[in-house]
Amino acid sequence: MIELSPDYYQPRLGDTHSPQVSIRLMRIDDIEHVSRLERRCYTLPWSSSAYVTEVGNPSAYYTVAVLADGTLAGYAGMWVNMDEAHLTTIAVDPIHRGLKIGERLLLDLLEEGMRRGADYASLEVREHNQVARNLYFKYGFDDVAVRKNYYSDNGENALIMWANDIRSPAYLNLLDDFRARLAPSE
Ligand SMILES: CC(C)(COP(=O)(O)OP(=O)(O)OC[C@H]1O[C@@H](n2cnc3c(N)ncnc32)[C@H](O)[C@@H]1OP(=O)(O)O)[C@@H](O)C(=O)NCCC(=O)NCCS
């Protein structure tokens, strides 16, 4: 188990309401934009053809977050196999970060994972990606293993994180609470 720094998770106060955002399935005609965002968000970006494959994969679920003016501000995806929802990506345009869009995308993945029968969720994250780790930790993911030197660009370790029992009453309560906080203010 890795050592956690003291500032591992400190909820940020205020700014709890997201702008009006809708989450919908990713379509083929989104992929050009998604690929542009992918190159801005990741140092080892997936190719656009990988997204074409994912959009057509029945075990996969890929979504985009769209602002009221139609701007595609983020995207996310996962594979659901048997009782596992494996989150493959979640990214928000740098100019729209800190507005709970990543959180909305994650919540939607978890809800769809549950609908498809997953009992637990898993993912890999760079060890030094503290922002993403905070997000996952907030949603009940724990570090369960380390893959040493996993990322080919800089040799960074990957942490494997799991959220167990995502259909348990306690976890559903947690999601209800977060969903309510994300509801747009009147
Ligand atoms: C990770 C990412 C998707 C977060 O998206 P976001 O829309 O900016 O995040 P949100 O506004 O929804 O924040 C949700 C939570 O994330 C964490 N977080 C977000 N920004 C943070 C920051 N600047 N510092 C610390 N934690 C932060 C917090 O836990 C936050 O909850 P809180 O506000 O209650 O503290 C975004 O930073 C991103 O696209 N990163 C690049 C791609 C990436 O690394 N994806 C993860 C791959 S495993």
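A residue is buried if 20 or more other C-beta atoms lie within 10 Å of its own, exposed if 12 or fewer do, and partly exposed in between, with C-beta atoms placed from the backbone. The model is predicted, so local features need pLDDT of at least 70 and side-chain atom pairs count only at pLDDT 80 or more, while totals for chains, interfaces and linings use all residues. Residues are numbered from 1 along each chain as its sequence is written.

**Figure 1. Overview of the protein chain.** The secondary structure comes to five helices and seven strands; helices (H or I, at least four residues) and strands (E, at least two) are DSSP runs, numbered from the N terminus. From the N terminus on, the order of elements is β-α-α-β-β-β-α-β-α-β-β-α. Of the 186 residues, 27% count as buried. The mean pLDDT (the predictor's confidence in each residue, from 0 to 100) is 91, and 89% of the residues reach 70 or more. Over residues 1-16 pLDDT stays under 50, and the model has nine contacts beyond four places in sequence for this stretch. Two residues are in contact if their C-beta atoms, placed from the backbone, lie within 7 Å.

Figure 2. In helix 1 (residues 31-41), the buried residues are Ile31, Val34, Leu37 and Glu38. They lie on the same side of helix 1 because they cover an arc of only 120° around the axis, the arc being that of the directions from the helix axis to the C-beta atoms. An α-helix has 3.6 residues a turn, so residues three or four places apart point the same way. Glu32, Arg39 and Arg40 are exposed on the other side of helix 1. The packing partners of the buried residues are helix 2 (48-55), strand 2 (60-67), strand 3 (72-81) and strand 4 (84-92).

**Figure 3. The largest nonpolar core.** A nonpolar core is a set of buried Ala, Val, Leu, Ile, Met, Phe, Trp, Tyr and Cys residues joined through C-beta atoms within 7 Å. The largest one has 36 residues, of which Tyr75, Leu109 and Ala121 touch the most other members. Two or more residues come from each of helix 1, strand 2, strand 3, strand 4, helix 3, strand 5 (120-126) and strand 7 (158-163). Beyond four places in sequence, leucine 109 touches Tyr61, Ala76, Met78, Ala85 and Leu87.

**Figure 4. Surroundings of alanine 76.** Alanine 76 is in strand 3. This residue is buried because 25 other C-beta atoms lie within 10 Å. Not counting residues up to four places away in sequence, alanine 76 touches Thr63, Thr89, Ile90, Leu105, Leu106 and Leu109. Alanine 76 and leucine 87, eleven residues apart in sequence, are 8.1 Å apart from C-alpha to C-alpha.

**Figure 5. The shell around the ligand.** Of the 20 residues around the ligand, Arg97, Gly102, Glu103, Asn134 and Leu135 come nearest; a residue is near a molecule if its C-beta atom, placed from the backbone, lies within 6 Å of it. Strand 4, helix 3 (101-115) and helix 4 (130-138) give two or more residues to this shell. Helix 4 provides the largest share, five residues.

**Figure 6. Arginine 167 in its loop.** Arginine 167 is in the loop between strand 7 and helix 5 (169-182). With 14 other C-beta atoms within 10 Å, arginine 167 is partly exposed. Leaving aside neighbours within four places in sequence, its contacts are Met114, Asp119 and Leu172.
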